[in-house]
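Please open the structure in a viewer and keep the sequence at hand.

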Amino acid sequence: MLISDRCAGGAIGGEAAARATPDGYTLLMASSSTMSINPHFAAKQSYDPQTSFSPVILVGYATNVVAVHPSVPVRTIRELIALAKSKPGEISFASNGTGTISHLTGELFQQQSGVRMLHVPYKGAAPAVIDVLAGNVSTMISNPTAVVPHIRTGKLKALGILGGQRIDVLKDVPTAVEQGYKEFADVIEWYGMVAPKATPRSIINQLNAGLTKVLMLPEVQERIRALGMTPSPTTPEEFDKQIRADHALWGRVVRQAGVKAE
């Protein structure tokens, strides 16, 4: 059984998966939000995302797009930073909500570039995009899925990809690294599969091998790339390293920005 973490911030799916029999028949499709970000905000939970699961495989990742309303007089990330520095606290950025990866990526962007922007949180990506399209908010840093259709129609301008590689759905948009900002190379939003903690290592290895074969199929990779993601199957050890690195990264961002859960 495959359980998703997309309900109640991952709490319901995560609890069910953590309590499942560790026999390899139950997996949780987890995300960087539930495994590496939410632990910095969650109060008492019946499970710990960092200790209740065994990583199986990283399925894929997405790099965020820096997009602005067409009226904003910038064309690159460098120009956006210069504009924000000239108007401290005046350039606004929308997020999917306080403590979401879109919010924390915006906070990281400010910390790394030395700018101060106005955070405008929404309840999800849809209302955030609507207000940026209307020009009520200047910019947003978003998963490609939410903004690519509007970039293609010219209703939004893409300034860059916060990552080290260009993405298939926006091949002409340069990365932050290409624009001279190497510090954004490893900022990703990932999805992967984890199993209950006591799942035997032999089963974890079997699952990893089987899933790797599936994720390497051309038709599967094409579907993943169409979502604005990069398929990236890993070993369990590599996935564990990614989870822990992101947990440390977002923990530093949360503490430095003083973000509190709503």
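Throughout this tour, residues touch, or are in contact, when heavy atoms lie within 4.5 Å. The model is a predicted one, in which local features need pLDDT of at least 70 and side-chain atom pairs count only at pLDDT 80 or more, while totals for chains, interfaces and linings use all residues. Residues are numbered from 1 along each chain as its sequence is written, and side-chain values use heavy atoms, with hydrogens and water left out.

Select Leu104. Leaving aside residues up to four places away in sequence, Leu104 touches Ile37, Phe41, Gly99, Trp250, Val253, Val254 and Val259.

Next, select Ile77, Leu104, Phe109, Leu162 and Trp250, which touch the most other members among the 31 residues of the largest nonpolar core. Such a core is a set of buried Ala, Val, Leu, Ile, Met, Phe, Trp, Tyr and Cys residues joined through side-chain atoms within 4.5 Å. Buried means under 20% relative accessible area, exposed over 50%, and partly exposed in between (1.4 Å probe, protein chains only). Two or more residues of this core come from each of β4 (64-68), α3 (77-86), α4 (101-113), β8 (157-162) and α9 (236-257). Helices (H or I, at least four residues) and strands (E, at least two) are DSSP runs, numbered from the N terminus. The largest share, five residues, is given by α3.

A second, separate core has 19 residues, including Val65, Leu156, Val169 and Val173.

**Second stop: Phe41**

Move to Phe41, in the loop between α2 (32-37) and β3 (53-62). Is Phe41 buried or exposed? Its relative accessibility is 18%, so Phe41 counts as buried. Beyond residues up to four places away in sequence, Phe41 touches Gly99, Leu104, Val254, Val259, Lys260 and Ala261.

Select Ile224 in helix α8 (residues 218-226). Ile224 is buried, with a relative accessible area of 11%. Not counting residues up to four places away in sequence, Ile224 touches Val59, Leu215, Met229, Thr230 and Pro231.

**Last stop: helices α5 and α6**

Display helix α5 (residues 125-133) with helix α6 (residues 144-152): their axes come within 10 Å and cross at roughly 30°. The crossing therefore makes α5 roughly parallel to α6. Axes are lines fitted to C-alpha atoms, for helices over the stretch in contact, and angles run from 0 to 180 degrees between N-to-C directions. Angles under 35 degrees count as roughly parallel, over 145 as roughly antiparallel, 65 to 115 as roughly perpendicular and the rest as oblique. To see the contact, select Ala125, Val129 and Leu133 of α5 together with Ala146, Val147 and His150 of α6.
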